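Dear colleague,

I am handing over the structure that you will find just below, and after it I have written out what was found. Please read the text with the model open beside you.

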Amino acid sequence: MSTSFNLSALVREDLKGMVPYDAPYYPDVIKLDANENPYDFPPSVLAQIFREVESGDLCRYPDAAAVALRKRLSDYISVRPENIMVGNGSDELILNLMLTFGAGAQFAVATPTFSMYGVHGRIASGTLLEVPRLEDYRINVDGLINAASKPEVKVVVICSPNSPTGNATPAGEIEKVLRQANAIVVVDEAYNEFGGESCVPLLGSYANLVILRTFSKAFGMAGLRVGYLLAHTRVISELLKVKQPYNLNVFSQAAACAVMRNLPLFEERFKNILQERDKLYEELSEISGVQAFPTQANFIMFRTALPADKIYNELLGQGVLIRNVDGPLLPGCLRVSLGTAEENKIFLDKLKKIINSG
Ligand SMILES: Cc1ncc(COP(=O)(O)O)c(C=O)c1O
């Protein structure tokens, strides 16, 4: 190996201070940190997928255009297939959006929110312009309009329902931004199946609207990485230039189609999660010193009178993993994803004990 090789001189200047995204893996915990679906994927649907994917399919590249899946999605959301693009999780689509529109430009984000917008924007050499949400975490409409009217801002991002705060933004508020924006307005509806008003009805009126959805949350497919995006065909034509041709593997395409064919099974699960969410929200709110924030998603943000670090670490020490989102915009806050009824009870009992023992 050459000793004169100077790696540092080759690395992009703007990535030098960047820290890789850290997703710690804890195998034996009650996992309530990533807003996944707590129910195992239905075995009957898994059996259908295995029947459908033949061994001969695995030695061929997948359908780059994901025609069958886009047709299924088209029936599900009543949007034409040519207005749909699929990705290896919405994470990949976020990167594609930033590479296509945000590179070397500014992108405005209603913060605090999902961290991948900042990460992928930076990877694409974009500059983050934070538009902080109001005290109750509603979006700052005027701030976003102001950002979206700057020529250097090419992308505006609003997550609804928002993570980690849990609140959704009415479509009318988003439309105020869309009406005045020269930028691409991304509305991330990853949690839409759990609540919040969708912006899908606005797609026909605004060519700069991009909606992101995912199979990772309500459909319990986080492990198979399937996300999708809805947009005007002109926007999709641009995004296709940066898309990896075979981004969605054979198995994931078949699995997502199978989910679409078995929707009632999954809808039953959303209902259970919503019932559990309302119950947990009430129970959390009844604990003295705990503030739980209203949510329309499958998670609840809360704070206690104790430091967030202490709650997080003590819960983890007792086998319950939640997310510590404490920071300047969310002082003392934590986020817990809805688990099964049993998991939620264990979380709640342990939290109460930690709080009671101060
Ligand atoms: C708002 C939001 N968008 C997108 C994602 C990522 O979805 P995917 O698993 O499809 O990449 C998440 C995951 O936590 C999220 O919270």
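Predicted model: local features only at pLDDT ≥ 70, side-chain atom pairs only at ≥ 80, totals over all residues.

The chain is divided into two parts, with domain 1 made up of residues 24–40 together with 264–356, and domain 2 running over residues 53–261. The centres of these two domains, taken over C-alpha atoms, are separated by 26 Å. Where domain 1 and domain 2 meet, 22 residues of domain 1 are in contact with 22 residues of domain 2. On the domain 1 side of that meeting, the elements giving two or more residues are helix 11 (263–286) and strand 10 (299–303), and helix 11 supplies the largest share, which is four residues. Sorted by class, this side of domain 1 holds 14 nonpolar, five polar and three charged residues.

The ligand is surrounded by 13 residues, of which the closest are Gly89, Asp91, Thr214, Ser216 and Gly227. Helix 5 (residues 89–102) contributes three residues to this shell, and that is the largest share.

The crossing in which helix 2 passes helix 10 is right-handed. Helix 2 brings Val45, Gln48, Ile49 and Glu52 to the contact, while helix 10 brings Ala254, Ala255, Ala258 and Val259. Six of the residues in this contact of helix 2 with helix 10 are nonpolar, one is polar and one is charged.

The second pair consists of helix 7 (residues 141–148) and helix 8 (residues 171–180), which pack at an angle of about 20° with their axes 9 Å apart. Since angles under 35 degrees count as roughly parallel, helix 7 and helix 8 are therefore described as roughly parallel to each other. The crossing of helix 7 and helix 8 is right-handed. Their contact is formed by Val141, Leu144, Ile145 and Ala148 from helix 7, and by Glu173, Lys176, Val177 and Gln180 from helix 8. By class, the contact between helix 7 and helix 8 comprises five nonpolar residues, one polar residue and two charged residues.

With best regards

Note on methods:
Residues numbered from 1 in each chain as written. Left-handed = near helix turned anticlockwise from the far one by under 90°. Contact = placed C-beta atoms within 7 Å. Nonpolar A, V, L, I, M, F, W, Y, C, P; charged D, E, K, R; others polar. Near = placed C-beta within 6 Å. Domains from an automatic or database assignment. Axes fitted to C-alpha atoms, helices over the stretch in contact; angles between N-to-C directions. Parallel < 35°, antiparallel > 145°, perpendicular 65-115°, else oblique.
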